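Me: I'd like to learn how to read a structure like this one. Could you take me through it, one feature at a time?

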Amino acid sequence: MALRIDQIRLHQIAMPLVRPFETSFGRTVERQIILVEAVAGGVSGWGEVTAGEHPFYNEEWTESAWLILKHYAGPAVLAGAAPCSHIRGHQMACGGLEAAFWDLEARLLGRPLWQHIGGTRTEISCGVSIGIQESVPALIETIERELACGYQRIKIKIKPGWDIDVVREVRRALPNIRLMVDANSAYTLADAERLRALDDFYLMMIEQPLAHDDIVDHAALQAKLSTPVCLDESIRTAHHAEQAIRLGAAQIINIKLGRVGGFAGARAIHDVAQAAGIPVWCGGMLESGVGRAHNIALSTLAGFVLPGDVSASRRYWARDVIAPPVEVTPRGTIMVSGEPGFGYALDLDFLRAITVREETLR
Ligand code: OSB
Ligand code: MG
């Protein structure tokens with residue numbers, strides 16, 4: 001489908017989290033999110049830029065994404081050119097725009113986005129990502145609360161000083177839960193022996209233990225661990241996925257829509273992994289309802305066989321920008337919407353109320 005885009009609107013919104021989220025690279029209290037609205041024939045498609053507020057997860061942040069969209073990707077689209085083919089990196093900025101096009105296309109066709117991208121599942125499995133807490137008892141209490149909501153697997157963030165002892169205590173309290181850890185690049189290969197201690201706790205996987213751009217050291221680490229290594233930050237393209245799989249650097253891949261530049265990149269990585277028998281799951285970046293709805297659509301592809309970090313709106317937001325908010329069933333799943341596009345309505349009054357910056361490109 002050849003889309004002629006009339007307008008691109010950038011909306012930056014400020015959304016305070018219901019509680020701070022802490023990883024090995026920092027603490028987030030409020031999100032500054034760019035929503036991309038692509039308009040054609042009076043119909044709007046929506047995408048979300050998943051960059052953080054600082055260039056700490058990867059090199060992008062809200063401000064860099066705004067500039068890329070305003071000065072490069074947006075003008076290219078309006079001139080009828082491919083938005084991002086000449087841009088190196090900045091996948092999250094480009095991914096927000098790309099996702100808006102997919103949503104727009106699906107809405108113009110009157111089809112659910114998940115069907116439009118080739119998804120098949122009508123119910124997706126959900127896990128939660130739990131940030132670094134102030135104490136182990138507080139962490140265990142948080143985990144128990146999430147389990148009571150039905151979530152199927154628990155991911156806890158680790159970093160040096162909040163790792164082996166914490167996991168040991170969690171395992172002692174909750175021996176039977178599906179548990180995994182995410183280090184967000186907090187270790188080096190010199191920590192291999194320390195990380196090997198995690199093998200005692202039958203974790204589902206350890207996510208991105210080493211450098212954000214590394215594949216080779218992860219392969220060396222995987223050779224020393226029985227716990228499967230899952231890559232997040234290191235996999236930005238299908239080529240990276242092929243290399244990681246060929247080297248034995250990952251037994252599992254976390255696919256994030258923004259990190260890989262949108263649905264086309266996500267599907268390409270999914271296909272590479274599926275052909276190699278590598279399970280994938282959908283990661284999250286503390287998205288508003290727009291990005292959350294896109295993550296639900298992505299999770300309906302057949303290779304997404306593990307519970308993702310796609311959870312209920314209420315875990316992060318007192319009020320979401322979509323209506324209804326994303327809800328999770330007591331069995332820890334999300335029922336996929338049958339409505340056209342990403343399947344939820346935007347709460348435009350609320351969106352206006354939390355907008356801090358807006359720009360229309362035409
Ligand atoms: O590494 O998966 C990550 C949040 C911000 C940055 C990186 C990560 C995360 C999460 C949150 O784990 C997952 C979610 O959105 O629920
Ligand atoms: Mg991660």
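Me: Which residues come nearest to ligand 1?

Reply: A residue is near a molecule if one of its heavy atoms lies within 4 Å of it. Here 17 residues are around ligand 1, and Ser129, Asn184, Lys256, Leu286 and Tyr316 come nearest. Keep in mind that this is a predicted model, where local features need pLDDT of at least 70, side-chain atom pairs count only at pLDDT 80 or more, and totals for chains, interfaces and linings use all residues. Residues are numbered from 1 along each chain as its sequence is written, chains are lettered from A and ligands numbered from 1 in the order in which they are written, and side-chain values use heavy atoms, with hydrogens and water left out.

Me: Which side chains have an N or O atom facing an oxygen atom of ligand 1, and at what distance?

Reply: Look for polar contacts, which are pairs of N or O atoms within 3.5 Å (within protein, one must be able to donate a hydrogen and the other to accept it, and residues adjacent in sequence count only if both atoms are side-chain atoms). The side chain of Tyr316 has such an atom 2.6 Å from a ligand 1 oxygen, Ser129 has one at 2.8 Å, and Asp182 has one at 3.0 Å. On its own, ligand 1 has 390 Å² of accessible area, and the protein covers 97% of that. Such areas come from the Shrake-Rupley method with a 1.4 Å probe; for residues, only the protein chains shown count as cover.

Me: What are the protein donors of the magnesium ion?

Reply: Donors are N, O and S atoms within 2.8 Å of the metal (3.2 Å for Na, K and Ca), and sites may look incomplete because water is not among the atoms. For the magnesium ion, ligand 2, they are Asp182 (OD), Glu207 (OE) and Asp232 (OD), at 2.1 to 2.3 Å. Their spacing in sequence reads D-x24-E-x24-D. Glu207 is in strand 8 and Asp232 in the loop between strand 9 and helix 8, so this pair ties together parts 25 residues apart in sequence.

Me: How many strands form the parallel sheet, and in what order?

Reply: Strands (E, at least two residues) and helices (H or I, at least four) are DSSP runs numbered from the N terminus, and two strands pair if DSSP finds at least two bridges between them. This open sheet has 7 strands, ordered 5-6-7-8-9-10-11. Strands 5 and 11 are at the edges with a single partner strand each, so one side of each has no neighbour in the sheet. Strand 5 is joined to strand 6 by 4 bridges, and Ser129 has Lys155 in strand 6 as its bridge partner.

Me: Which strands make up the antiparallel sheet?

Reply: That open sheet has 4 strands in the order 3-2-1-15. Strand 1 and strand 2 are joined by 13 bridges, with His11 partnered by Leu35 in strand 2.

Me: Where is the cis peptide bond?

Reply: Most peptide bonds are trans. A cis one joins Ala323 and Pro324, with omega about -10 degrees. Pro324 sits in the loop between strand 12 and strand 13.
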